[in-house]
Amino acid sequence: MSSEKLSYPRFQRASDHSLLVTFGERISRKHHRDVLQLFGLLQSAPNRATRNIHPAYSSVLISFNPLVTRPEKFDSYVRRLVDRLDDIEVSASRGVEIPVCYDKTLGPDLEFVAHHNGLTTDDVIRHHSSVEYLVYFIGFSPGFPYLGELPYQLRTPRLSTPRVIVPGGSVAIGGNQTGIYPIASPGGWRIIGRTPLKLFDPLRMPPTTLEIGDMVRFKPISVLHYQSLLGAVDKP
Amino acid sequence: MRTPSHPRASILAVSPGFLTTVQDLGRDHCAHWGISPSGAADPVSLRLGNLLVGNPQNAPALEMTLIGGSFRFEQPSIFALAGSDMGATLDNEEIPAWQSVRVRPGQTLRCGPMKSGARCYLCIAGGIVVQPVLSSASTHLLAALGGLSGRSLKAGDVLQCGAQRAEPPTKARAVNKRVLEIFFENGPIRVTAGPQGDLFSADSQLRFSTSTYTVKEESDRMGLRLKGPILRRVVDGDTTTEGISLGAIQVPPDGQPIILFVEHPTTGGYPKIANVISADLHRIGQLRPRDQINFEFVNHENAISLLKEQEDLLSPQHALQPVRQ
């Protein structure tokens, strides 16, 4: 980073059709609150040019149609919202429990994560399911929650070559982050278990089980329990 | 062959082609669920095709990729092919692209490999009817949603079309050649500076805008991987994960840029050196593996005025002309 001190919030034209508002470079609960507030204001005071809102750790990217509202006018619309972030109450977090089967048949990297950190697989399960995680945002792929904070004992580097297909429902660790792959997709994180829940369904509204600002707790379940829940999910 | 009631057409996919999906102009307001817009890779061609058959510009159509498919029309209808030239025939007679064509029941449209470019749209009067998902018909292949259950076309699929407008175009119409030349000129792809442009050395920024890049085979609707001179950062490491704009050009640690396209991840942590301007995004949709491209930086004012010019040309009075019989 350049030596000149950057001032926040920072407004940047990321493209001719998007504006990036950055509240800081670090991942923190303070910036998460800023993001939640701006996201809420953008939805409660919508601009007809707005096309998509991308909340992230400490920034919000807003894409818009520059033929509907001139970029300068769109900038000032967003700046006005940022000036009154505290006008919006951040509602209490929703708690969501996610059942996870931590078994090596469903979590092929469970033993690696244990070995890498000098733990037993039971230790890994205990640590991973002992804390409450904040959903910082949903991003990357449909329904993928960025969760924090991973207990430091479980930090594990990503695979050097990502898997071509990670099964939907896989619970994984990547560096100091943890998350859930809601749908089958390529991925380089270490898979330690799987949830039978369908976390993404485009025919539901909202289509994702988890939303920005939720608090998640993982509940270890047995293979049998996993299979019975999976059967219940799959039944039409 | 006018019928008084303008029946709803249906078509049978005799063969699907290499990769054919139902697309409209995309799905907005879903990025906060991790869903990128998808939609036509070349929205300009889709809009022109829809103009030709008298559809709203957002009407769903079939996007064919690299090798077109074959389709049998079960009812009388009007269609147009917009995009790459695939040497199409109707019952073995050559038909022109960029022109509305009247079709009788039982006739078969056959499309072959694309002679240049990567995508062609089959637009049919009334549009393709599918169950909208999150307010759009467009197929998102990664998310497996929209279009035909989120998948590409298979042989034997039957596609229903919507009601044609009360007054379908009675005379054949074509897209103005001069307008096409403007839309698909061969010049450099124009870009604006990316949000992390300053993380790259001055040398690398210059290299990016003065070198030729080749589109790699591993390119799809999610992104186009490029091969060319390596772009180096002033400092290493990823930036904090943030939102990604359509057309963002990100640079992973290997220094080889990737253009993020219609099915892009909604967030990412690689720095972005530039972003393709809105008025050139449709040209990205016509790039195929091994194509060579150059980039040229423009400022935001230029980018917006180019977009406005494009929008003016997309009006029926500028884009269309009658076909001389």
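The residues lining the second largest cavity split into seven nonpolar, two polar and one charged. In this scheme Ala, Val, Leu, Ile, Met, Phe, Trp, Tyr, Cys and Pro are nonpolar, Asp, Glu, Lys and Arg are charged, and the others, Gly among them, are polar. This is a predicted model, so to speak plainly about cut-offs: local features need pLDDT of at least 70, side-chain atom pairs count only at pLDDT 80 or more, and totals for chains, interfaces and linings use all residues. Residues are numbered from 1 along each chain as its sequence is written, chains are lettered from A and ligands numbered from 1 in the order written, and side-chain values use heavy atoms, with hydrogens and water left out.

That second largest cavity holds about 40 Å³ of space, and chain B lines it with B:Leu81, B:Ser84, B:Asp85, B:Met86, B:Gly87, B:Ala88, B:Ile95, B:Pro96, B:Ala97 and B:Cys120. A cavity here is a set of points, on a 1 Å grid over the protein atoms alone, where a 1.4 Å probe fits but cannot get out; lining residues have an atom within 4 Å of a point. Grid points are joined across faces, edges and corners, and a volume is the space filled by probe spheres set on the points. Go by that rule and you get three cavities of 30 Å³ or more.

## The largest pocket

Now for the open space. A pocket is an open set of grid points with protein on both sides within 12 Å along at least five of seven lines. The largest pocket has about 1500 Å³ of space and a lining of 49 residues, with A:Phe140, A:Pro162, B:Gln250, B:Pro265 and B:Tyr270 nearest its centre. By type, that lining is 22 nonpolar, 18 polar and nine charged.

From chain A, strands E8 (163–166), E10 (177–181) and E11 (185–187) each supply at least two lining residues, and so do E15 (223–227), E18 (258–260) and E19 (267–268) of chain B. E15(B) gives the most, with four residues.

## Domains, chain by chain

The domain bounds come from an automatic or database assignment. Chain A gets domain 1 (10–87) and domain 2 (95–234), with C-alpha centres 29 Å apart. There, 10 residues of domain 1 are in contact (heavy atoms within 4.5 Å) with 11 residues of domain 2. The two domains of chain A bury about 880 Å² between them, 66% of it from carbon and sulfur atoms. On the domain 1 side, A:Arg29, A:His32 and A:Tyr57 lose the most area to domain 2, together 63% of what that side buries. Buried area is the accessible area (1.4 Å probe) that two parts lose on being put together, summed over both.

In chain B, 29 residues of domain 1 touch 15 of domain 2 by the contact rule. About 1600 Å² is buried between these domains, with carbon and sulfur atoms giving 48%.

## A sheet in chain B

Chain B has an open sheet of six strands in the order E7-E6-E9-E4-E1-E11, paired antiparallel. Strands pair if DSSP finds at least two bridges between them. Strands E7 (93–94) and E11 (158–160) are the edges, each pairing on one side only. Further in, three bridges join E4 (70–73) to the antiparallel E9 (108–110) of chain B, and B:Ser70 stands opposite B:Arg110 in E9(B).

Most residues other than glycine have a negative phi, and most peptide bonds are trans. The bond from A:Gly148 to A:Glu149 is cis, with omega near 0°; A:Glu149 sits in the loop between E7 (145–148) and E8 of chain A. The bond from A:Met205 to A:Pro206 is cis too, with omega near -5°, and A:Pro206 is in the loop between E12 (190–194) and E13 (215–220) of chain A.

Over in chain B, B:Leu66 has a positive phi, near 65°. B:Leu66 belongs to the loop between E3 (61–65) and E4 of chain B.
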